[in-house]
Amino acid sequence: MKTVSESKCFGGVQGVYSHTSEATGGEMTFGLFLPEEAEQMPVPVLWYLAGLTCTHENGMFKTGAQKWAAEHGIALVFPDTSPRGDDVADDEAYDLGKGAGFYVNATEQPWAQHFRMWDYVADELPRIVTANFAIDEERHSITGHSMGGHGALTLAMGVPGRFRSVSAFAPIAQPTQSDWGRKQLGAYMGADEGAWLAHDATHLMEHAGFDGEVLIDQGANDQFLDLLRPEGLAGAMMKRRQAGEFRMHAGYDHSYYFVSTFIPEHIAFHAEALWR
């Protein structure tokens, strides 16, 4: 693992690190904020998964999350959204290929060699951060925006017992029924739509739910509402009587202005679960 940069931040350290990944078969970069408490003991961690076209930098730079994480004494991990490199397959469209890993393990060519973001986020990167930094191995929570909200929800429900809480900002909530999902799941995983269901938050909520609290924030003026399909997830939460909240906010769109507005509440929500 290489240290790209480390900067003092709200009493803690905001670092950027790179490493060779077995999961993706190339060099990966991630951001990690450690609060001041990490100098004395292992601290809980909140994973932030970013959306389409993003890198590890978007959440790190645009959410303002470090201030609130420092107040609650929790770490933040900002993974990249896809593998990178000249030998990594890509597509002309912004919503497939680099920057659009969709947090799945690809089985189809030309994606299968590198696009294994489920294994990377669920297994490899957690092992790396807990082995090299003062991160509590047992106290993890997860959040994300858009495609990252999709990843946060599917990982939280797909890996039972891993995360103490889950939240999402404007998640792609029903990808098997949306152009933001059918295109990518078909490309990465093939034509068997049954295999896609493990990566559909609405389906997982209906059939498994989450053993903990869920918080979803959605802007009512989001320009991508028809692609996100929040009504499916909201209905599944009600049908299952899932503990948590689904909140629609008048006037808010899909941007990081929306995320940064509500990130303090999300971090407080996760901190309560992590320090319990």
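The largest nonpolar core of this predicted model has 85 residues, and Leu32, Ile142, Leu153, Leu155 and Tyr188 have the most contacts inside it. Helix α3 gives the most to this core, with 8 residues. A nonpolar core here is a set of buried Ala, Val, Leu, Ile, Met, Phe, Trp, Tyr and Cys residues joined through side-chain atoms within 4.5 Å. Buried denotes under 20% relative accessible area, exposed over 50%, and partly exposed the range in between (1.4 Å probe, protein chains only). Helices (H or I, at least four residues) and strands (E, at least two) are DSSP runs numbered from the N terminus.

The model is predicted, so local features need pLDDT of at least 70 and side-chain atom pairs count only at pLDDT 80 or more, whereas totals for chains, interfaces and linings use all residues. Residues are numbered from 1 along each chain as its sequence is written, and side-chain values use heavy atoms, with hydrogens and water left out.

**Core and backbone**

Leaving aside neighbours within four places in sequence, tyrosine 188 is in contact (heavy atoms within 4.5 Å) with Leu96, Gly97, Ala100, Gly101, Phe102, Val104, Ala106, Thr107, Glu108, Trp111 and Phe115. One of these partners, phenylalanine 102, lies in the loop between β5 and α3 and is buried, with a relative accessible area of 0%. Phenylalanine 102 has a positive phi of about 60 degrees although it is not a glycine. The loop between β5 (75-78) and α3 also holds proline 110, and the peptide bond from glutamine 109 to proline 110 is cis, with omega near 5 degrees.

A positive phi also occurs at arginine 229, about 55 degrees, and this residue is not a glycine either. Arginine 229 is placed in the loop between α8 (225-228) and α9 (230-240) and counts as partly exposed at 25% relative accessibility. Most residues other than glycine have a negative phi, and most peptide bonds are trans.

**Selected residues**

Proline 126 is found in helix α3 (residues 117-132) and counts as buried at 10% relative accessibility. Its contacts, apart from neighbours within four places in sequence, are Trp47, Tyr120, Val121 and Arg162. Proline 126 and tryptophan 47 are 79 residues apart in sequence, and their C-alpha atoms are 9.6 Å apart in space.

Threonine 176 lies in the loop between β7 (165-169) and α5 (179-189). At 7% relative accessibility, threonine 176 counts as buried, and beyond four places in sequence it is in contact with Arg182, Leu185, Trp196, Leu197 and Asp200.

Arginine 240 belongs to helix α9 and counts as partly exposed at 38% relative accessibility. Not counting residues up to four places away in sequence, arginine 240 touches Met205, Glu206, His207, Ala208 and Gly209.

**Cysteines**

A search of the whole structure finds 0 disulfides, a disulfide being a pair of cysteine sulfur atoms within 2.5 Å. Cysteine 54 is in none because its sulfur is 19 Å from the closest cysteine sulfur, in cysteine 9, too far for a bond. Cysteine 9 counts as buried at 15% relative accessibility, and cysteine 54 is buried at 5%.

**Pockets**

Pockets are found on a 1 Å grid over the protein atoms alone: a cavity is a set of points where a 1.4 Å probe fits but cannot get out, and a pocket is an open set with protein on both sides within 12 Å along at least five of seven lines, with lining residues having an atom within 4 Å of a point. Grid points are joined across faces, edges and corners, and a volume is the space filled by probe spheres set on the points. Ala, Val, Leu, Ile, Met, Phe, Trp, Tyr, Cys and Pro count as nonpolar, Asp, Glu, Lys and Arg as charged, and the others, Gly among them, as polar.

| Pocket | Volume | Lining by class |
|---|---|---|
| Largest pocket | About 210 Å³ | 6 nonpolar, 7 polar and no charged residues |
| Second largest pocket | About 160 Å³ | 4 nonpolar, 3 polar and 7 charged residues |

The largest pocket is lined by 13 residues, and Leu52, His145, Ser146, Phe224 and His254 lie nearest its centre. For the second largest pocket, 14 residues form the lining, the closest to its centre being Glu213, Val214, Phe269, Glu272 and Arg276. The elements that give two or more residues to this second lining are β8 (213-219), β9 (244-249) and α10 (256-274), and α10 gives the most, with 4 residues.
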